[in-house]
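I wanted to keep a notebook while looking through this structure for the first time. The entries below record what I looked up, in the order in which I looked.

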Amino acid sequence: MTDRAPEAEADREPAETGRLRDALAEAAHHITPSRVPLAAVQRRGRRLRHRRRATVLGAGCVLLLLPLAFVARPGTGSDDTARVVPPAASAPPSPAPSVSPTPRIVAPGERVTAAPGFQLWLTAEGKHWTTPSMPELEQFRSAVDGNIDRGTPGVTMQSEASDGHTYLSGLYYGGTGTASTVEIETASGTVHGKLIELPGNPGWGAWYATAETEPDADSPGSSPGVTVRDTEGGIYARLAAR
């Protein structure tokens with residue numbers, strides 16, 4: 001076995017290292033470096049810049065919206081719960097006021113047909129009418145001959161039965177307020193009639209109605225009662241049943 005001196009070993013290591021370096025350098029001369037993808041690098045750089053810019057803008061928008069959020073939520077408590085204000089309840093529509101009927105105003109001599117053959121008309125003297133049994137015969141009830149006191153509430157009645165029907169009419173006068181409706185109490189029930197007056201508030205008018213003929217119409221106590229009411233629902237004038 002051959003022993004080498006330490007000085008010789010130290011001189012040998014630098015020589016081998018140099019030869020290795022020379023071999024690597026020679027090999028590197030035979031390698032052609034690839035082309036750098038400048039376009040791709042530039043595109044990637046632009047994308048990165050756009051992303052950074054969008055991130056910065058988004059952060060700025062968030063910072064701007066935060067004060068608006070606090071302004072839009074006034075009175076929030078420590079628990080950040082927005083106060084909900086319920087919508088105001090809409091008031092129900094007011095019912096339309098009821099309008100009480102008033103008498104039909106007719107011109108002097110204007111004929112009103114209550115039923116076929118049953119006609120009425122008024123003049124300054126009183127009530128005129130015809131009935132189906134005698135349509136050619138004019139009947140008359142005076143309002144000015146002194147038989148009625150127009151200063152005292154009152155009702156008159158004239159009736160005629162024909163073909164199973166009763167034709168009712170009369171005068172009303174002297175009441176307080178404005179006459180509105182008329183009710184006729186017959187043996188078979190209540191019948192609602194109608195009112196007519198001349199213009200100018202003469203203080204009297206006429207009422208009329210038709211009803212089914214009562215079997216005992218000619219017996220005592222069969223005369224119906226008549227009630228004329230005012231626009232307030234009170235009694236304007238009344239004729240008691242007999």
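**Entry 1: ground rules**

I note that this is a predicted model, in which local features need pLDDT of at least 70 and side-chain atom pairs count only at pLDDT 80 or more, while totals for chains, interfaces and linings use all residues. Residues are numbered from 1 along each chain as its sequence is written, and side-chain values use heavy atoms, with hydrogens and water left out.

I looked up the strands (DSSP runs labelled E, at least two residues, numbered from the N terminus) and their pairing (two strands pair if DSSP finds at least two bridges between them).

Strand E9 (residues 179–186) pairs with strand E13 (residues 225–230) over six bridges in the antiparallel sense, and I found Glu183 opposite Thr227 in E13.

How many residues of strand E12 are buried? In E12 (residues 204–212), seven of the nine residues are buried, so the strand is largely enclosed by the rest of the structure (buried means under 20% relative accessible area, exposed over 50%, partly exposed in between, with a 1.4 Å probe and protein chains only). E12 pairs with E8 over nine bridges in the antiparallel sense, and Leu168 has Ala209 in E12 as its bridge partner. Three bridges join E12 to strand E11 (residues 194–197), also antiparallel, with Ile196 and Ala206 as bridge partners. E11 and E12 form a hairpin with six residues between them, and Gly200 in the turn has a positive phi of about 90 degrees.

**Entry 2: rings**

I then searched for aromatic pairs (rings of Phe, Tyr and Trp, the last by its six-membered ring, with centres within 6.5 Å; planes under 30 degrees apart count as stacked, over 60 as edge-to-face and the rest as tilted), and the count comes to two. Phe118 and Tyr167 have ring centres 5.3 Å apart and planes at 65 degrees, so this pair is edge-to-face. It links Phe118 in strand E3 with Tyr167 in strand E8 (residues 165–173), 49 residues apart, and both residues are buried. Tyr172 and Tyr236 also form an edge-to-face pair, at 5.9 Å centre to centre and with 80 degrees between the planes. Here Tyr172 in E8 is linked with Tyr236 in strand E14 (residues 235–239), 64 residues apart. Tyr172 is buried at a relative accessible area of 0%, and Tyr236 is buried at 7%.

I also looked for charges over rings (NZ of Lys or CZ of Arg within 6 Å of the ring centre and within 35 degrees of the ring normal). The charged end of Arg111 sits over the ring of Trp121, 3.6 Å from its centre, and Lys127 lies over the face of Trp129, 3.4 Å from the ring centre.

Is Thr123 buried or exposed? Thr123, in strand E3 (residues 118–123), counts as buried at 17% relative accessibility. Leaving out residues up to four places away in sequence, Thr123 touches Gly109, His128, Leu198 and Trp204 (contact means heavy atoms within 4.5 Å).

Ile148 lies in the loop between E5 and strand E6 (154–155) and is buried at 11% relative accessibility. Ile148 and Leu171 are 23 residues apart in sequence and 9.4 Å apart in space, C-alpha to C-alpha.

Notes
Helices (H or I, at least four residues) and strands (E, at least two) are DSSP runs, numbered from the N terminus.
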